Amino acid sequence: MAVLDQIQPKEVFRFFEEMSQIPHGTFDTKRISDYCVEFARERGLDYTQDAVNNIIIRKPGTEGYENSEPVIIQGHLDMVCEKRPESNHDFSKDPLELYVEDGFVKAKDTTLGGDDCIAVAMAMAVLDSKDIPHPPIEAVFTVDEEVGMGGANAIDLASLKGRKLLNIDSDVEGILTTGCAGGYRFETTIPVTRVKKSGTLVEIKVHGLLGGHSGAEIHKQRGNAHKMMGRLLNLISLEVPVSLVSVCGGAKDNVIAMESTAKLIADAKDAAKICEMAEEMRKTWEYEFMGDEPTFKVDTAVTENETADVCDEDSTGRVISYITICPNGVQGFARKLENLVETSLNLGVIVTEDACVKCCSLVRSSVESHKQRLKEELGQCAKLVNAQTEVINEYPAWQYNPDSEIRQVMESTYKEMFGKDPVVSAVHAGLECGLFLGKRPDLDCVSFGPTMHDIHSFNERIDIASTERMWNYLKAVLAKLK
């Protein structure tokens, strides 16, 4: 049974709920892409689906708008897949369990996918409509935005006739985003040598942190479980001889790490000392967070008489050193835009394999030279521990356009509807507009959207009333583009 059929705007939430029943995590977008194809076929709309599952759907302008310049409405099909540790949800096959609470749409124990299926749902509602005045529409739905913007990298924009692009991938109502940071993934591979060792196995788990979007929420100083783990392991190694079995955690480089787990082999006489140090560090963090991380925990478990293939002394030291010294968090604020983060990075994922430990950071900056500076800093950290590095999925920043025609229309329409000026700003998160402008420098882009909270985490929720207002706003903007 439909859960959202009693909330407004019904025509938007109808498609949002349909998509929530289709698994659509990053790199798992074939099914939802095919759903878009079927949507277009049922309505007799022209469409293209490319080799990576990007979709473009075209609809003619309504009466009186037939010869108007086409407008591009754009969003991405993939979602970040995060869930509570105790959840059994399988993102590869299970539908999301939506529910409504306190004016918000939420998903039980998982991310919601409001980022960015709300954009696709709004575009579909326009494409499906019979009574919304609008110019010709070119709806562009990309894939794999959340990890490297692969869809935007691959898409061919040559067939698009429109120049004005409405990106619905912002998460604060009343803000018109007119610029964004560029970025890249920086992967560090630390080679390790294994030896067999017997002793007491101590497992340490830092978890229960709030996490969040590594661009939009990096300035909130939320705890990064990996950096916390590095700090704790460094302190332990200075006091007690330990051998690292593994350290791991985090599923996405664009999510502030909520959980990190390390396994150590130590002498039996030192196990209690390690657990005591973990508890003392937990108290220190509790003091430092001042209540901002109310649910974080540090758990330890001890198993005696274990034998494991551990990292030798040199490898253990190098891994702990890198996690401890690699930069993380806000590196600078914009000098001309108040309270906007200019440069940051997030150590989001650590994976231990037999022969190496891999650490992945997502770097963001709206200043190209600072992007390059962090390559150098991370590279020097890696060099100190004899690690290899790779830069992946680099994408450009989107620079503010003072002559934007679509921004002027959206500013005036917003003021007419809501009696106040919108905030015109840039965002520290990466948006696909930067990549599109790299392919089509003539594009005129603005990003907006309804208010969402805690995106990229299992607390993600979308404001229902805000969604209705932004839906009405989209319709009003389209009506102005005659």
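This is a predicted model: local features need pLDDT of at least 70, side-chain atom pairs count only at pLDDT 80 or more; totals for chains, interfaces and linings use all residues.
A pocket here is an open set of grid points with protein on both sides within 12 Å along at least five of seven lines.

**View 1. The largest pocket and the residues around its centre.** This pocket has a volume of about 830 Å³. Its lining counts 43 residues, and those closest to the centre are D171, G215, A216, V427 and A429. Two or more lining residues come from each of the strands β8 (175-180), β16 (356-365), β17 (388-395), β18 (423-427) and β20 (452-453). Strand β18 supplies the largest share, with 4 residues.

**View 2. Strand β19 and its partner β7.** Here is a strand, β19 (residues 444-447), that is covered on both faces. D444 and V446 are buried on one side, and C445 and S447 are buried on the other. Strand β7 (residues 164-167) runs parallel to β19, and 4 bridges join the two. Look for N167, which stands opposite S447 of β19.

**View 3. E82, a buried acidic side chain without a salt bridge.** You will find E82 in the loop between β3 (71-76) and β4 (98-101). What is E82 in contact with, leaving aside its neighbours within four places in sequence? Its contacts are F91, D109, T110, T111, A251, K252, V255, M258, H456 and F458.

Notes: Residues are numbered from 1 along each chain as its sequence is written. Side-chain values use heavy atoms; hydrogens and water are left out. Buried means under 20% relative accessible area, exposed over 50%, partly exposed in between (1.4 Å probe, protein chains only). Two strands pair if DSSP finds at least two bridges between them. Lys and Arg count as positive and Asp and Glu as negative; His and the chain ends are not counted. A salt bridge is a side-chain nitrogen of Lys or Arg within 4 Å of a carboxyl oxygen of Asp or Glu. Contact means heavy atoms within 4.5 Å. On a 1 Å grid over the protein atoms alone, a cavity is a set of points where a 1.4 Å probe fits but cannot get out, and a pocket is an open set with protein on both sides within 12 Å along at least five of seven lines; lining residues have an atom within 4 Å of a point. Grid points are joined across faces, edges and corners, and a volume is the space filled by probe spheres set on the points.
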